[in-house]
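Please open the model in your viewer and keep the selection panel at hand. The tour below moves from one selection to the next and says what is to be found at each stop.

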Amino acid sequence: MPREKVASFEIERLEVLDEDGNLDGSLEPDLSDDDLVSMYKTMKRARALDERAIKLQRRGEIGTFAPAIGQEAAQVGSAYALEDEDWMVPSFREKPAFLTRGAPMEALLWYDAGLEEGAEIHDRNDLPPAIPVASQTVHAAGIGWAQELEDDNSASLVYFGDGATSEGDFHEALNFANVFDAHTVFVCQNNQYAISLPREEQTKSETLAQKAVSAGVEAVQVDGNDLLAVYKATRDALEKARQGKPQMVEAVTYRLSMHTTSDDPSVYRDEEEVERWKQRDPIDRIEKLLRRRDVLDDATVDGIEEEIDSEVDDAVESLKQKKADADPADIYRYVYDEIPDGLLRQMEARQGVEE
Amino acid sequence: MTQTQTQTQTQNQNGDGNDSNNELNLVESVRQTLHDEMGRDETVVVYGEDVGVDGGVFRTTKGLIEEYPERIFDTPLAESGIVGTAVGMGVYGKRPVVEIQFSGFIPQAFHQIKQHVSRLRSRSRGSYNCPITIRAPYGGGVHALEHHSESFEAAYSHIPGLKVVVPSNPSDAKGLLTSAIRDPDPVVFLEPKKLYRAFREDVPEGEHTVPLEEARVVSEGDDVSLVSWGAMVRESLKAVDEVEASVEVVDLRTVSPLDAETVVESVKKTGRCVVVQEAPRTLGVSSEVVSRINDEALLYLEAPVERVTAPDVPYPFPEREGAYMPDKEQIAEAVRQTADF
């Protein structure tokens with residue numbers, strides 16, 4: 001036979017909850033009403049924090065940051081699937097995921113305000129944000145590889161965007177992960193734009209999920225604005241990853257606001273497109289379901305919003321104190337485990353100038 | 001087969017095998033250190049391209065896979081993957097010692113070293129360390145292929161958070177590598193491949209560490225200080241035999257953080273100094289050494305500090321290597337001029 005097919009593949013797409021709040025009961029993941037309300041609250045907290053932070057940035061009170069408005073289901077759904085002892089390796093837009101993992105809201109604000117204190121790790125196995133695109137994917141592969149070596153039943157989950165799938169590190173990470181049976185789940189938040197470059201011009205790949213196939217890694221695409229689909233896909237992926245079979249989940253979502261607060265998205269996308277995606281708002285969708293089930297009503301939603309407002313106020317208040325307490329000598333302290341003599345002299349000389 | 005590999009195999013047939021009094025060449029010393037540290041600490045993992053079954057292209061890891069099959073790995077060919085996964089291994093609790101096959105290919109992992117390895121500790125405010133040792137054959141003098149001979153230590157030394165170590169002999173190789181592996185901070189450990197099988201010396205058996213921030217006065221002298229590191233230390237010692245002056249040879253051993261104190265003390269005694277580096281002239285480690293002497297010993301100087309370096313050109317193809325690398329004649333001439341100034 002001169003020609004024969006030697007490889008073929010297919011990518012499945014998973015949707016559980018549609019835009020009107022209708023549910024496919026056969027696919028519904030095992031989550032209690034309490035779980036759902038908790039996830040809903042975390043999504044609302046993330047949204048409120050981002051909205052307030054944009055205002056603070058506009059007033060010059062905090063620095064440039066990357067809002068996650070519109071991507072709450074992709075993050076909360078996936079992070080909620082993690083066990084406490086699992087590892088989370090974020091990119092730079094993962095406030096909703098950090099909140100899901102129990103990070104204090106105030107710390108996230110400190111980070112945006114330019115204080116390293118915000119990147120100090122709370123009581124989970126999470127890495128601090130990584131700015132260089134795709135560079136963190138190999139870290140997660142390393143953790144997943146170590147988990148396999150230790151017969152550890154835990155897993156690692158890494159976040160990255162559509163642009164990252166064009167970077168070399170993404171492909172090296174997938175390849176290493178599969179070669180060494182890493183316990184790693186790769187979660188791509190395909191939010192349609194790498195700053196201004198639309199996903200269609202980022203890559204000619206029909207799906208981003210299929211890029212994992214080239215490394216032999218199983219992959220699935222999900223509706224990234226569907227909290228239940230993201231949770232289910234990630235949960236299933238984690239189960240396989242714990243057995244040494246790394247997985248990729250492509251969550252198709254949309255960044256409703258800007259790339260960062262320095263960006264003006266109106267230059268490269270039209271309002272009509274944004275409006276279409278607003279109809280698919282991930283928070284509205286789960287709220288519709290919970291109202292239909294009488295888990296939420298106007299009064300409970302109002303109560304949740306009041307509680308969140310007060311939490312955001314407290315976080316903003318704590319930032320003032322944190323800024324006032326910031327010690328400039330901190331820049332010398334954490335570079336090495338022990339400060340080398342030469343650096344110690346630089347530190348002392350600097351302190352001498354200040355005094 | 002590359003020229004380097006041919007040469008390595010020839011040397012391998014003639015050179016390896018431990019003597020009873022632990023006379024080792026630099027390759028054997030590194031191998032023994034890896035063996036000892038893997039035996040001492042089961043969190044140590046060793047991986048890189050061809051380091052397992054093949055024992056590394058210089059045979060540096062030869063035989064280790066038979067002793068520690070669960071902790072030595074042949075990786076896919078991907079330098080960023082090698083260094084980047086080590087970050088994950090490190091935060092998880094492993095102590096990765098990774099090999100980049102030639103230092104000329106570290107640039108493919110440079111972003112991991114600069115963006116993450118060097119600063120994970122500071123940006124997490126000490127929540128995580130990167131206890132990684134990145135080993136690589138380094139430097140010229142063995143007629144290797146293009147990109148196989150560069151001396152890029154200054155670039156790593158410009159990155160806060162890293163330690164950059166270049167041993168100049170088998171005994172130090174053991175002491176420094178042991179310290180590097182045990183260090184909670186990341187270390188770029190550059191092994192001068194010209195010295196891999198150049199000579200043997202007695203290497204202490206058992207526990208042997210050399211602190212990572214201490215230069216060594218190799219031989220004492222009163223007239224001129226001669227400062228170098230790596231393969232240039234041996235070249236400098238050859239040059240000393242050709243001059244009449246009393247020369248104090250200082251081996252930096254760790255080029256970052258720099259032990260300027262030992263250099264400054266030597267210069268205060270001799271009043272004259274020559275710094276020798278294999279790397280191109282501009283903004284090399286020698287530039288920093290001269291600056292430190294200016295900062296702290298300027299008024300002790302009786303002559304300008306002289307530098308012997310490679311020119312500011314890309315490392316040439318093998319046939320013109322001799323026109324590039326500093327040699328004992330150039331070093332001897334610089335010492336004479338400085339002594340006679």
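In this predicted model, begin by selecting B:A144, B:L145, B:E146, B:H147, B:H148, B:S149, B:E150, B:Y315 and B:P316, which together line the second largest cavity. If you colour the lining by residue class, you will find four nonpolar, three polar and two charged residues.

Next, select B:A215, which sits in the loop of chain B between β8 (201–202) and β9 (216–219). This alanine counts as buried because its relative accessibility is 10%, against a limit of under 20%.

Finally, move to helix α12 of chain B, residues 328–340, whose 13 residues reach 18 Å from the first C-alpha to the last, close to the 18 Å expected at 1.5 Å a residue. Within α12(B), highlight the buried residues B:I331, B:A332, B:A334, B:V335 and B:T338. Turn the view to look down the axis of α12(B), where these buried residues fall within an arc of 160° and so line one face of the helix. Then display β10 (224–228), α9 (231–240), β11 (247–251), β13 (273–280) and β14 (306–310) of chain B, which are among the elements covering the buried residues of α12(B).

How values were computed
Residues are numbered from 1 along each chain as its sequence is written. Chains are lettered from A and ligands numbered from 1 in the order in which they are written. This is a predicted model: local features need pLDDT of at least 70, side-chain atom pairs count only at pLDDT 80 or more; totals for chains, interfaces and linings use all residues. Side-chain values use heavy atoms; hydrogens and water are left out. On a 1 Å grid over the protein atoms alone, a cavity is a set of points where a 1.4 Å probe fits but cannot get out, and a pocket is an open set with protein on both sides within 12 Å along at least five of seven lines; lining residues have an atom within 4 Å of a point. Ala, Val, Leu, Ile, Met, Phe, Trp, Tyr, Cys and Pro count as nonpolar, Asp, Glu, Lys and Arg as charged, and the others, Gly among them, as polar. Helices (H or I, at least four residues) and strands (E, at least two) are DSSP runs, numbered from the N terminus. Buried means under 20% relative accessible area, exposed over 50%, partly exposed in between (1.4 Å probe, protein chains only). The expected span of a helix is 1.5 Å times one less than its number of residues. The arc is that of the directions from the helix axis to the C-beta atoms. Contact means heavy atoms within 4.5 Å.
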